[in-house]
Amino acid sequence: MSANTTAQTEAPLEDEFEVSHKPKPLRRWMKLLLRSKTGTLGLIIVLTVCFTALFAPLLAPYEPDGMNPASINVPPMWLEGGSSAHVLGTDSLGRDMLSRIIYGSQVSLLIGVLSVVVAGIIGLVLGIMAGYYGKWIDNIVMRTVDSFLAVPNILLILVVLGIFGSNLLTLILVLGVTNWVIYARLVRGEVLSLKERDFVRAAKSIGTNDRTIMMKHILPNVFSSFIVISTLSVATTIIIEASLSFLGLGVQPPTISWGYMLSTGRDYLATSWWLATFPGLAITITVLGIIFLGDWLRDVLDPRSQGRRS
Amino acid sequence: MSTNKNNSKQPILEIKGLKKHFELSSGWFSKEQKSVKAVDGIDLEVYPGETLGIVGESGCGKSTTGNTILRLLEATEGQILFEGQDLASLSKKEMREKRKDIQMIFQDPFSSLNPRMKVFDIIAEPLRSHKVATGDDLRKRVYELMETVGISKSFDQRFPHEFSGGQRQRIGIARALALKPKLIVCDEPVSALDVSIQSQVLNLLSKLQKEFNLTYIFIAHGLPAIKHISDRVAVMYLGKVVELADKEQLFSRPMHPYTEGLLSSVPVPDPHVRDTKERIILTGDLPSPADPPSGCRFHTRCPYADELCKTKEPDLVEERDGHHVMCHYPLKEGRGVLIEN
Amino acid sequence: MKRYLIRRVLQVIPVLLIISFIVFSLVFLAGNPVALMLPEDASQEQIAALTESMGLNEPFYVQYGIFLGNAIQGDFGTSYRYNQDAMSIVLERLPQTFELAAVSMLFATIIAIPLGIWSAAKQNTVIDVFATGASVLGKAMPNFWLGIMLILLFSVNLSIFPVSGRGSFMHIILPAITLGTAIAAEMTRLIRSNMIEVMQQDYVRTAKSKGQKDSIVTYRHAFKNCLIPVVTIMALQTSSLIGGALVTEVVFAWPGMGQLLVQAVNARDMAIVQACVFVIAVAVILMNLLADIVYRLIDPRIKYD
Amino acid sequence: GDTDDTAADEDGAADGSDEEEEAAIEEDDNTLVIGTGTDMVTFDIHDHNATNTEAIHVNMFNYLVRRDGDDGFEGDLAESFENVDDTTWHFTLHEGVTFHNGDELTAEDVKYTFDRVASDDTLMEHSNYRQIQEVNVLGDYEFEIITDGPEPALLNRISRIGSGILPADYIEEEGWDHFLSNPVGTGPFQFAEWNRDESIVLERYDDYFGGDVTEWEEVVFRVIPETSTRVNELLTGGVHIAENVPPAEWDRVNDNDGTSIISGPSNRVMLLILNQAEEYATSDKRVRQAIDLAIDNEAITEHLLGGEGTPVQSRVTPGNTGAHPDLFDSYNHDPDQARELLEEAGYGDGLEITFNSPQGRYMMDSEVAELIRGMLSEVGITANLEFLEWSNFADMHANNNNEEMYFLGLGNSMFDAALGMDTFSAQGTARTGYVNDELDELLQAAAVNMDAEEREQQYHQAQEIVAEDLPYVFLYQAESMAGVSDSINYEIAFDETIYVENIEKN
Amino acid sequence: MEQEQPLLDVRDLKTYFHTENGTVPSVDGVSFHINKGEVVAIVGESGCGKSVTSYSVMGLVSSPGKIEGGEILLEGNDLTKYSNRQMRKLRGNEMSMIFQEPLTSLNPLFTVGFQISEVILLHQKVSKKEAKQKTIEMIDKVGIPNSKKIYSSFPHQLSGGMRQRIMIAIALACNPKLLIADEPTTALDVSIQAQILELMKKLRKELDTSILLITHDLGVVAEMVDRVIVMYAGKVVEEGTVFELFKDPKHPYTKGLMESTPKIHELKDELYSIKGTVPTPMNMPSGCRFYPRCAFATDKCRTEAPDIEEVKPGHRVSCWLHEDGEVNLHEYEQKQQQTANS
Ligand SMILES: Nc1ncnc2c1ncn2[C@@H]1O[C@H](COP(=O)(O)OP(=O)(O)OP(=O)(O)O)[C@@H](O)[C@H]1O
Ligand SMILES: Nc1ncnc2c1ncn2[C@@H]1O[C@H](COP(=O)(O)OP(=O)(O)OP(=O)(O)O)[C@@H](O)[C@H]1O
Ligand SMILES: [Mg+2]
Ligand SMILES: [Mg+2]
């Protein structure tokens, strides 16, 4: 009708854009990070723990394994009987608590993170396949999930560690293998709804093959809930490891993990409380950090979280 | 006149007796299988270069028809011939090849773009999938497409959420155009858009059709939009096409009581006619496609229904030249909305 | 519904088969219990003889077949450690196990519901941060640490609850808190996030637009819509509550199934292990079924069959 | 007050009303509660080898004879006994002894008891009784035990696990299964109930042939696996005795009003078993000696065990027939010499061995194991410590799947050097691969030597050889520690049993 | 005209959302009034602040939103000064609201009967039995057959149209003076929409309720209302009677809106379209908020925001074009084109 309509529709839409600068990912992350106090806290905690783990030999004042039967169960320095030689006191074999906690971070993190990686990979792959293909694959995977859910984890862990012995590798594997079901369930559920979404249909209608659809369209979209669950799971795994140590199935000395320290310290809870409490605190703080970081990561990984509501 | 044009050509797409039933309970042990007859036997032909509009109320099977054409859903029964070839007979691989020729634009611009992919990758995806272009060539093609649909190249690294609904729909259109398809199924491409944006997208679609000689199947429930863009219009009711005619015919002299009701339900943006306009308000709701009424499916809401309608289902017959209707008592002078014109 | 129930029960069969297979093969791999059953200086012949008389020299599939055959008839074999029908030993533990599980769950729910709702309602306030902190702490405290601490505080120092054992209602409180804390923590987080979502729903706005009181809007209209995930998580906890309460059981000298199971595994007492796992699996399946029925009661949209 | 309340709860009898509470206290005054770490295994007295199970059984069953003081024996069910010749022992039973079901004890019951354990080789205790060839019943109260050869330690054998006399008629009538769930003996206490992993309750048997030996009407053995819980129960009055209290808790118990720690030597020696199979470095005597020299036994007993333990160089400790006085309360410690020996043996630049240990089985076991690992690393031996869950550990021990070294505590329920030393003989070598012909000869001679004095000398010699060759590295004699309420008078028995009749109210 | 006190008088209402990314001025100085018995429409595109305006009136703005200024006078009483308790007394009683999404606006877990009687029991002193009686009457009134059975049905058992009728029943149960209908038919099919609109017309006649109808469908406006308020980006840009406005829109946005709507009774080769998109509240242009999209924009529009001025009795507009008196946009446009072509 009016002469200028065509021109209007064809005009590039650039000028309509209010956001003229596009923030770089790193800046976006920083912005999101600073906006979230808990996220900042989480990141600081996790970085500190990672740093501690990496540079344990430089940071620890003593050999973690240096025993001294003559000065056992020395309290932390601020308590009566403590000395500045051992800031956090010594344990039941006279080893320096601080050094042990510093070294313990290595194994605790390793177990926590790697076993979640193992569980996550199995869970993601099976969950996506089950959800995407449905039918018999789904049936098999879900019945297996049901079965795993109906058997207490501890039983499987116990038996497997009983058979293969408890070394770090089996520990990580077995914790991973018993935990995959939560991921598989979660991922499958999300995939079921994702695959009905139009963008997946669109990809199909373009002729994209199944593998690409799963990798490029589905995987990135289940990732944020995956991150939330897995950060929580890193936390629980560190704690499960402690419970395994309680049963004598955790890591073996001279390897040190917080869980091991915590569980061996439990006999001294009423008398030398610092033996169990410091590793316990280390776990709690780390877990808190990981959870906060996880919440924040979910925001970061979601491109929508830049502020605009949609 | 357009009827003649159509007869002279081979249809690009032919739908014959298409049925799509969804099983309800997939239980192992349930005896009677209940099913939703989402599409229950429709025949349509689409000719090159035309736009076939499909209207009907929510749930009448429009999207299902669209999805089965693309084989996003497998048809329960019937044939879909694209350029004379039965799509259902194609292997998965052949079908992927065929997809270059048939594309789809989706209703919801918010959910049809992967929120975690950048615009560039979204538009490039079809080209990559079919290995049509790589490297610089690919970039060039994507930028061309962006230009075609009116999105500045500088936005290629943005995520969908950074765009407005209309812009997102343009991205979807660019993606559909990437493989230079012959036929595009547009499943309610403007229903989710704002009033002022709708017209931008409708204009764009018309422009592209002329430019690339595209054929559209345009699905919508908004009658004004359908009327604006289509050449021929099919009216669906409960999984069946109840009326099919040239746009002018259908809008000025509808023959099916349902079409008539629909047309008179559309509110007219002119306050002067509101008290004078005669209205046939259809009563009741759309029955469930899981158990459609016996006889003529429309009889439960039809102001003219009688005993015959309750028992016997009418066929889709050509009452006038190119004007098909499925009714025992087609309206001779149905009240349409184009009469004044 | 009836047909649904039948179908669900039938679906249980493959699950039980898979479970029995997994457990059987694990125990099989774990080795021969004969060495543990005989005196320390038993001769190789004695070991061989006992192995044969117990059918342990048969190949895996034969043993599994025999086991399955008997299990179908309800016979899980005899515990060599107790010299008694395995199932009866397991069933003996059921009441105390159930008791602890139920009270723990009750405790978790009583804590988690108000805390979760509250922190959702006061999102991003001090209360919310406190609740988050509390639930992280709840998850981060290993059971044995919490249990021992509770004993020291409430039993030794304050003399409120008995230290350990089973008997009066007072005995169950501390172990239930120990076991329930982690669940409460998880539930609180779940309820919080669900409530936040539900509170933004249109029907909550509708309820407000009627002039309804905030508390009624929260509890009647919003919270009821949050119940399904809560019920789900309750059902999911069954197996860990019944079979995985081991650490708590040890700390509180609670004679539950967790201890039995672990001891049986350690002693390679296959009959007990299988019977335990069977009982736990059935409990889990029943709980899930119950959850399904509860879903139906909560949400009229849910239909089975 | 507290004490009794909690105990009342134990019975499930706690009720709101004051009077009832009073009554409950009265009743509870006559109930003794003992907190133990592990549950009893079974009532099949022949099919277990657990000291803690026997500790409970002794209150329900009687042996024929009982150890009395250092090396003598006194009659228990037997009124008199006599060694007739090398292979024949004659016994006369007390008359009028009744089982808890009312049956009278006769020689037939004794025959039944020993026949079963001596003939059924699937029973755990069989190996300790296979020496009994037959039991000849000579009358209602008279019988003979015939051994398959000279058996100087017969009395030791029949005064320990597996020797409680069973009611033959009762078992034959009701069946063994019935007996297992309703056991019947002759002891001062009779069975009331057993809730697995929870408690065993025994009631006083008023017709006990020994007369009115105890003030307690009821004994409850409560199973409390967690150490700190056991101690906490003691502190709050939930139990009268808490067994196995580790050093870390001693102050807490002693500082508490009304409870204290008591200790007593046990018959258990903690040691390291070294594998002498050729493929292991420990087959080299110098390496074994180096290990022995590296370990400061006293540091363990003093610092970890709070002084409650004695360094030893032999398994046979005072209180057992044949104990060698020089090998008790002595040890070798010289890290420099250890390093030299290792150098000599060709391990100058380090030696790596596997070291298995149980965890939570013995007092402070994991700490001790870790400390040993630390001590060994001082002299250049890297010991890879692997803690095993007990059943796996027992499995390893039973099947000789051990590698270089493992840590174990061995008791001696026979109180005779024979049981401790036989392991080192040719027949017993399987465990370590240790063979010494001279030692073999000595042990064979001693085993059938009915001359007590000469036999003792032979065992002394044998122990010296072992202390030199070090198939085992002996560490220390463990002390039993228990926390006890001041309301009772309790002494820890050398054999780790708990004779309730010896526990008195204060 | 203004002799009588209006039922609702909104003056310079400002409702802002304080989000993590900054303050969003969703409603930024909106004034309008509704007389007794009148039907007034607010039209405008998605996101222009229509719903927030209505929530502000109902006192349902939830955090992080806050009414930052202005007055909302209901029969002369300023609702912004009311406590939550006082507001609760009004809601569902004096004024009530129907929402856009009939699918989600009813609580899925309660029967519709319960949900209707809830509001009756809240505001009227009646017994449960009487409430049930009234509820069934209301169901009849909104034209759902078989009301007794419907009473104990759950929302998912009803169709969209029926659910929207139930919403209407809830809203009208206490015979409110003011009914706010926020896009009541957008989610419904055309034929159902027609039914609902008919019903609202009928009930309005019967009950004499004033209605504030929020929509972006000009067809619905033309059929239903007396007066129209056009909103753009948080501001009112034009206000007038429905006849005035359709005949002679004064604001370029209103005009664009009307022309870009495809009309069923006329054929066009190409639709008019307003270029560009609605600005997000975070990035409001300075000056007139519509100028980046306006075909008539001048430099003044870029820098200065126009006030809303009455150009004709009862017809007010906020645009610099009308600074010096009334301009007919249709003619103005033609004139402009002629000058451009020559
Ligand atoms: N996957 C499915 N399973 C079961 N029923 C389905 C499925 N998809 C669609 N249906 C049913 O088929 C019928 C037709 O659906 P369809 O989506 O084709 O309708 P439509 O005409 O596109 O409606 P709308 O305008 O709402 O998009 C509906 O009743 C719908 O409930
Ligand atoms: N809770 C909120 N937080 C932040 N911004 C909000 C919130 N609610 C609404 N807004 C903003 O307020 C503006 C107006 O929203 P409103 O819902 O009133 O629009 P509307 O005109 O009703 O649109 P529609 O036609 O889509 O319903 C929008 O830009 C929206 O982004
Ligand atoms: Mg559709
Ligand atoms: Mg709105």
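Student: In this predicted model, which element gives the largest share of the negative patch of chain D?

Tutor: Helix α6 of chain D, residues 168-174, supplies four residues, the largest share of that patch. The patch of negative charge lies on the surface, and its members include Asp169(D), Glu172(D), Glu173(D) and Glu174(D). Glu79(D) and Glu95(D) are also among them.

Student: Where is Glu79(D) found, and why is Glu79(D) called exposed?

Tutor: Glu79(D) is part of strand β4, residues 78-85 of chain D. The relative accessible area of Glu79(D) is 52%; exposed means over 50%, so Glu79(D) is exposed.

Student: What makes the pair of Phe110(E) and Phe114(E) stacked?

Tutor: The search over all chains finds 43 aromatic pairs. For Phe110(E) and Phe114(E), the ring centres are 5.0 Å apart and the planes stand at 20°. Rings pair when their centres lie within 6.5 Å, and planes under 30 degrees apart count as stacked; therefore this pair is stacked.

Student: How do you know whether Phe110(E) is buried or exposed?

Tutor: Phe110(E) has a relative accessible area of 10%. Buried means under 20%, so Phe110(E) is buried.

Student: Why is Phe114(E) called partly exposed?

Tutor: Its relative accessible area is 27%.

Student: How many helices and strands does chain A have?

Tutor: Chain A has twelve helices and zero strands. Of its 310 residues, 58% count as buried.

How values were computed
Residues are numbered from 1 along each chain as its sequence is written. Chains are lettered from A and ligands numbered from 1 in the order in which they are written. This is a predicted model: local features need pLDDT of at least 70, side-chain atom pairs count only at pLDDT 80 or more; totals for chains, interfaces and linings use all residues. Side-chain values use heavy atoms; hydrogens and water are left out. Patches are made of residues with over 30% relative accessible area and no salt bridge: like charges are joined within 9 Å, nonpolar side chains (Val, Leu, Ile, Met, Phe, Trp, Tyr) within 5 Å. Accessible areas come from the Shrake-Rupley method with a 1.4 Å probe; for residues, only the protein chains shown count as cover. A salt bridge is a side-chain nitrogen of Lys or Arg within 4 Å of a carboxyl oxygen of Asp or Glu. Lys and Arg count as positive and Asp and Glu as negative; His and the chain ends are not counted. The place of a charge is taken as NZ of Lys, CZ of Arg, CG of Asp or CD of Glu. Helices (H or I, at least four residues) and strands (E, at least two) are DSSP runs, numbered from the N terminus. Buried means under 20% relative accessible area, exposed over 50%, partly exposed in between (1.4 Å probe, protein chains only). Rings of Phe, Tyr and Trp (its six-membered ring) pair if their centres lie within 6.5 Å; planes under 30 degrees apart count as stacked, over 60 as edge-to-face and the rest as tilted.
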